[in-house]
Amino acid sequence: MQSIIYHHSLPLTHADAFRIVETVTPIPGPRDLLVSIQAVSVNPVDTKIRSGSVPVPDAVTTLGWDAAGIVKAVGDNVTLFKPGDHVFYAGSFMRQGANSELHLVDERLVGLKPKSLSFAQAAALPLTALTAWELLFDRLGIVPGETGSKDILLIVGGAGGVGSMLIQIARRLTNMTVIATASRAESREWCLRLGAHHVVNHSQPLAKEVAALNISPITHIAALTHTNRHFSALAELIAPQGKIAIIDDHDFLDAVPLKGKSVSLHWEMVFTRPLYQTEDMIAHHQILTEIAFLVDAGVLQSTLTKELHPLDVENLKLAHTLVEQGNMLGKVVISRT
């Protein structure tokens, strides 16, 4: 089979940054699915691993941790899926990624693809939907449908992949007031279309932007991008005993300003469960099953905004370039054909 391998020491402009190679067809382990990849999405984690800023095992030579495809074979102990099933998942960056014809993934990390979506539309969902869901319900401790009328969620970076899903999930599954940040007219409209009650400009002083809304103190914050830049404003905005959840990477983050308000700080990393093989790893399957149900019910929508095809070196370079520019709305997906 063919796989697209990467060299993290090379810039995208280099001819060998990505290369198509012939690889051995993998054999499923006891709980593995062998999936024929139909579409993959590119996320910041792909670009960070390629650049070397996020470490992975040396044996991992193929990127791609957002996929949709068709189950071709299953391991001896698989109970959740069968050959022919259409599936979507994020997988684990401790194993080879899905920029390949065939891919192995643990069944506990996989959901049946939403029936109402194409493979490309479905591939845009898993990593960002899982991140948004875990951040809101596992880290911030929100219970769907049980939030009070005074709960207010500020999403810093609302137009990106995770923000696009978090706006939808928070707006449709909770009673929270949702404030998103965006700096351009098109990203502002995107956030409003997805359901944000308010949108403020994070290129301006954030505390002043939120204060101008004249609403109650912020009880929950999802800091999705440039957290260091905004952290003093977030510490000012958060209500006493509020909660902040962060997903972006930091060499250092000073949480001392949160002490006086007894604010709790939470980290969300979507690959924690597969990375540590936690007892509740099947939560990814359960969350994706719920996401698929909500999509097919018309509650949530795919955030695919750009589709490329076929899955080859040039389109992979283009997708990485678009993600690294940092101003995409939603998600970019590469279809196999």
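Helices (H or I, at least four residues) and strands (E, at least two) are DSSP runs, numbered from the N terminus. Residues are numbered from 1 along each chain as its sequence is written, and side-chain values use heavy atoms, with hydrogens and water left out. The model is predicted: local features need pLDDT of at least 70, side-chain atom pairs count only at pLDDT 80 or more, and totals for chains, interfaces and linings use all residues.

**Exercise 1. The six-strand sheet**

Task: State the strand order of the open sheet of 6 strands, and say which strands stand at the edges.

Solution: 
- Step 1. Recall the general rule. Strands of a sheet pair through backbone hydrogen bonds, either parallel or antiparallel. Here two strands pair if DSSP finds at least two bridges between them.
- Step 2. Read the order. It is β10-β9-β8-β11-β12-β13, with parallel pairing.
- Step 3. Find the edges. β10 (198-200) and β13 (264-267) each have a single partner strand, so one side of each lacks a neighbour in the sheet.
- Step 4. Look at one pair. β11 (residues 218-223) and β12 (residues 238-246) pair in the parallel sense over 5 bridges. Ile221 stands opposite Ile244 in β12.
- Step 5. α7 (residues 227-237) lies across β8 (152-156), β11 and β12, and runs at about 155° to β12. Such axes are lines fitted to C-alpha atoms, for helices over the stretch in contact, and angles run from 0 to 180 degrees between N-to-C directions.

**Exercise 2. Thr219**

Task: Which residues are in contact with Thr219, leaving aside its neighbours within four places in sequence?

Solution: 
- Step 1. Thr219 lies in strand β11.
- Step 2. Thr219 counts as buried, at 18% relative accessibility.
- Step 3. List the contacts (heavy atoms within 4.5 Å). They are Lys150, Asp151, Ile152, Ile238, Ala239, Gly242 and Lys243.
- Step 4. Compare sequence with space. Thr219 and Val263 are 44 residues apart in sequence and 9.6 Å apart in space, C-alpha to C-alpha.

**Exercise 3. Helix α1 and its surroundings**

Task: Describe how α1 and α10 cross, and name the residues that meet.

Solution: 
- Step 1. Asn43 is in the loop between β3 (32-42) and α1 (44-51). Asn43 is buried, with a relative accessible area of 2%.
- Step 2. Look inside α1. Val45, Asp46, Thr47, Ile49 and Arg50 are buried. Their cover includes β1 (2-6), β2 (18-22), β3, α3 and α10 (313-325).
- Step 3. Take the axes. Those of α1 and α10 come within 9 Å and cross at roughly 100°.
- Step 4. Name the geometry. α1 is roughly perpendicular to α10, a class that covers 65 to 115 degrees; under 35 is roughly parallel, over 145 roughly antiparallel, and the rest oblique.
- Step 5. Name the residues. Pro44, Asp46, Thr47 and Arg50 in α1 meet His320, Val323 and Glu324 in α10.

**Exercise 4. The cores**

Task: How many residues has the largest nonpolar core, and which have the most contacts inside it?

Solution: 
- Step 1. Define the core: buried Ala, Val, Leu, Ile, Met, Phe, Trp, Tyr and Cys residues joined through side-chain atoms within 4.5 Å.
- Step 2. Answer. The largest has 92 residues, and Ile49, Tyr89, Leu136, Leu153 and Ile169 have the most contacts inside it.
- Step 3. Find the main contributor. Helix α3 (residues 126-139) gives the most to this core, with 8 residues.
- Step 4. Note another core. It lies apart and has 22 residues, among them Val200, Ile238, Ile244 and Val263.

Notes
Buried < 20%, exposed > 50% of the residue type's maximum accessible area, 1.4 Å probe, protein only.
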